[in-house]
Amino acid sequence: MTASILRAGLLALLVGTLAMASAAEAHDARVASLLEQMTLDEKISMLHANEKFYAGGVERLGIPRILMSDGPHGVRGDVVPHSWESANRPEDSCTYLPVGTVLASTWNPELGTRFGQTLGAEARARGKDVILGPGINVIRTPINGRNFEYMSEDPHLIASMAVPVIRGIQENDIAACVKHYLANNQELDRFHVSVDMPDRAMREIYLPGFKAALLEGESHTLMCAYNRFRGVPCSQSPILGKQILRDEWGSDAVFITDWHIHGIETVAAAMNGLDIEMGSPLPYSSYAFADSLRAAVREGTVPERVIDEKVTRILGMMFETKMLGDESRSTGAFNTPEHQQAALDIAREGIILLKNDGLLPIPLETLKRVVVIGPNADAKHSLGGGSSQVPALYEITPLEGLRQALPEGCELQYFRGVTEQPRGRVTPMPASALISADPGSGVPAWRGEYYPNLEFEGKPVVRYDSTVDFDLGDRGGLTGIERTNFSVRWTGTISVPVSGNYTFRLGSDDGTRLYVDGERVIDHWWDHAYEVREASLQLTAGDRHELVIEYYQAGGDGAVQLGWILPERPDRGPGSEQTEMMNAVRRADAVFYFGGLDKSHDRESADRTSMTLPYGQDELIAELLEVRPDTVIGMVAGSVIEMPWLGDARALLWMGYAGMEGGTAAAEIIGGKVNPSGKLPYTMPKRLEDTPAHSIGEYASGEVYYNEGVFVGYRWAQEHGIEPNFAFGHGLSYTTFKISSLRSPGRVRAGEACRVEAFVTNTGDRAGSEVVQLYLSDIEASVERPKYELKGFVKVYLEPGETRAISFELNERDFAFWDESANRWHVEPGEFEVTLGTSSVDLHLTSTLVVVGSNSR
Ligand code: BGC
């Protein structure tokens, strides 16, 4: 390099640095000047909601309100101001991306970027300033209702996928909001449950995703979880907010509450780093961060300096996203072909081929007679699940995807196979189901205790009701109970005539809970418009069951209904649809079953009660496999299910909720147009008891202690020698790969990084992608460490016969564990093993690496 080129390079660097410095100075000066002009009232007004999804705004100074929107996999439809009620705007229909778990199944960070870019652009086009996602909580139990929104059970995979999503979103001059900080690993009792865990688990498993999202992804905002952490609401936890987020990580991300935190306290939340309070109850002036915060400043319990820090962070975020009058702000893009292509590409790589004994791919173009069965073949899922609902512009179901891929003239028959589930309002369970009675008349009835407050406090007004079917105005004879602000507890006893799977349906506006024999099976305890929740339970004929329904009405219209669906009894007689279906199955060239769960199971605010498939699907699948062992099974579900028929299935495709193009991608994989490359981002245990939370009994309401420590997911399965149905990282291809020539440096000094290299070859006859996974094992450790931990992965696309070099960087933190006694990361000297595999159990090559010396920080 000549001296003049060097000089020119240095000059350019200097000019670049100066430009950055002056931009940062301009930013700081602008923020400082705005802050200086604000009155205390104006500052406080920046710190709380003033509409369901709006906060802040000072018109006098040209500071706009901040408009937030769900959610993680598409822009939610607008709601009516001050309410959860949908505004039903057809123009909101937008791109529906595959959900978090499906994105994570791609193990492809580039798709993470495209996912983020799409979401960010669409949110901007709808005028939003903050998009409430990605959701990155660790998948700890298979029955968590929100697993589908999240990504994985592994912190490395979560961090690797969340960072590009956030960067992609924020390229569009909009803030991402990573959520829910911390430990929203169950929906059961989500508003109150207090989660505790060993520090090591917190540092090694639960925090890394958030740290990466904030420090590498530079997420402008962060949302707290509803639950408590060590007894304190996450919104005001000194450990999570002040100590870790602000002091240790030095993050100036705007810290926002989830919508209505229970038990929030003004001073504690203000002093521990929270910036904005969002919520549900009205009026907004009653919020902890409204009048009460102003009073705290006036009284001197919260210094005004603390308020200034919050407003500075918020204005900083507004400045970064060009909200403060910058005309170059992106206006986004909506429903573009590129966005739909992104949805399709993510689905193509996110759908996982779990099992295949040579049945797939099927040359669809040769088929003449096809039968498709199952409740998810023709079902759309975009609009369910709670806050992550997306008003999809369109949604290609598996049936539609196949229809498009089959040749003209092919006869395609569809049977649902299981009874259609009722939607909308609930038909109340008849009084004839009850054996409890009104003691006065002896007529079957529920005992209803009506309280004139939300907390079941004081002496109730008692009334015997023949059904739990209450609508606004239905308070005949109930003196002392107003139209709003009351609670009711109904108790009753039922006895069922036949044994089987019963689905209880509870519809309400606002909160409801259902207990069966003392166990809470529906927990929908929050303010909402009329919504239905379900719980399926196995009940035995003749047994008595005690039911308790709790309900509160906090404002607006009130309604509650308890209904039920009796066990499935499909009619199998001559001429019945079931008989016609089985005849068609016998005659068909190919049979496809698409079942799984739906958004009444994978949803916010309640967990599933078991891993069993609903609607009698297990029996139906077993019957189909008996008649047609070559039935291809596709599962649409957000989290793990039991698969009692797995041994008989020849081909199993795991689709997750694969977005608006999910059906197209599934058909492409079935037909072989696309070679599958998705890998499981979570373990698929055989039974609930094979997972830590359930086997050690640390899944509950009230309080949970994550006693399994760092042994979550595959770390637990390996530690206890449990064989899952499918292991973390598993996913098949139509071609084969070979990993060779693993090279590691042999020795590495503690605290330093090193590189591991290998080759991967496509040894089959189809082009395809493989995800090579690097697992690290600490052989000589002074603490108990998981056998294998994912520390790197590379996804490579290879033509048949092609070989490529791959490399992984291992850094200091990859070797470290959290030393609880010293409260810091520690790398110990000794032997480690580096293993490359194509799943956490298909391990191909291993090499020993000796760490020399030790390192703590
Ligand atoms: C959810 C959040 C969501 C918020 C706003 C809450 O109920 O937990 O994830 O972003 O509502 O809709």
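Is Lys 679 buried or exposed, and what is its relative accessible area? Lys 679 is buried, with a relative accessible area of 2%, where buried stands for under 20% relative accessible area, exposed for over 50%, and partly exposed for what lies in between, using a 1.4 Å probe and protein chains only.

This is a predicted model, in which local features need pLDDT of at least 70 and side-chain atom pairs count only at pLDDT 80 or more, while totals for chains, interfaces and linings use all residues. Residues are numbered from 1 along each chain as its sequence is written, and side-chain values use heavy atoms, with hydrogens and water left out.

## The protein as a whole

The protein holds 19 helices and 37 strands; these are DSSP runs numbered from the N terminus, with helices (H or I) of at least four residues and strands (E) of at least two. Along the principal axes, the C-alpha atoms fill a box of roughly 100 × 75 × 55 Å. A compact globule of 857 residues would have a radius of gyration near 29 Å, and the 28 Å of the protein agrees with this; the radius is taken over C-alpha atoms, and the globule rule is 2.2 Å times the number of residues to the power 0.38.

Of the 857 residues, 60% are buried. The accessible surface comes to about 31,400 Å², and carbon and sulfur atoms account for 50% of this area; such areas come from the Shrake-Rupley method with a 1.4 Å probe, and for residues only the protein chains shown count as cover. Among contacts (heavy atoms within 4.5 Å) between residues at least 6 apart in sequence, 76% join residues at least 24 apart.

As for charge, there are 79 positive and 118 negative side chains, and the centres of the two sets lie 2 Å apart. Lys and Arg count as positive and Asp and Glu as negative, while His and the chain ends are not counted; the place of a charge is taken as NZ of Lys, CZ of Arg, CG of Asp or CD of Glu.

Helix α16, residues 662-671, is mostly covered, since nine of its ten residues are buried. Among these buried residues are Gly 662, Thr 664, Glu 668 and Ile 670. Their cover includes β25 together with α12 (337-350), α13 (398-405) and β23 (590-596). After α16 comes Gly 672, which has a positive phi near 90°.

## Two loop residues

Lys 679, the residue of the opening question, is found in the loop between α16 and α17 (692-695). Leaving out residues up to four places away in sequence, Lys 679 touches several residues, including Trp 107, Ile 352, His 730, Glu 770 and Thr 838. Lys 679 and Trp 107 are 572 residues apart in sequence, yet 7.0 Å apart in space, C-alpha to C-alpha.

Leu 732 is found in the loop between α18 (714-719) and β27 (737-743), and is partly exposed, with a relative accessible area of 26%. Apart from neighbours within four places in sequence, Leu 732 is in contact with Leu 353, Leu 354, Lys 355, Asn 356 and Pro 676.

## Backbone angles

Most residues other than glycine have a negative phi, and most peptide bonds are trans. The table lists places that depart from this pattern.| Site | Backbone value | Location |
|---|---|---|
| Lys 179 to His 180, cis | omega about 0° | His 180 in strand β4 (residues 175-181) |
| Asp 509 to Asp 510, cis | omega near 10° | Asp 510 in the loop between β17 (500-509) and β18 (512-516) |
| Arg 230, not a glycine | positive phi of about 50° | loop between β7 (228-229) and β8 (232-233) |
| Ser 741, not a glycine | positive phi of about 50° | strand β27 |

Arg 230 counts as partly exposed at 29% relative accessibility, and Ser 741 is partly exposed as well, with a relative accessible area of 44%.
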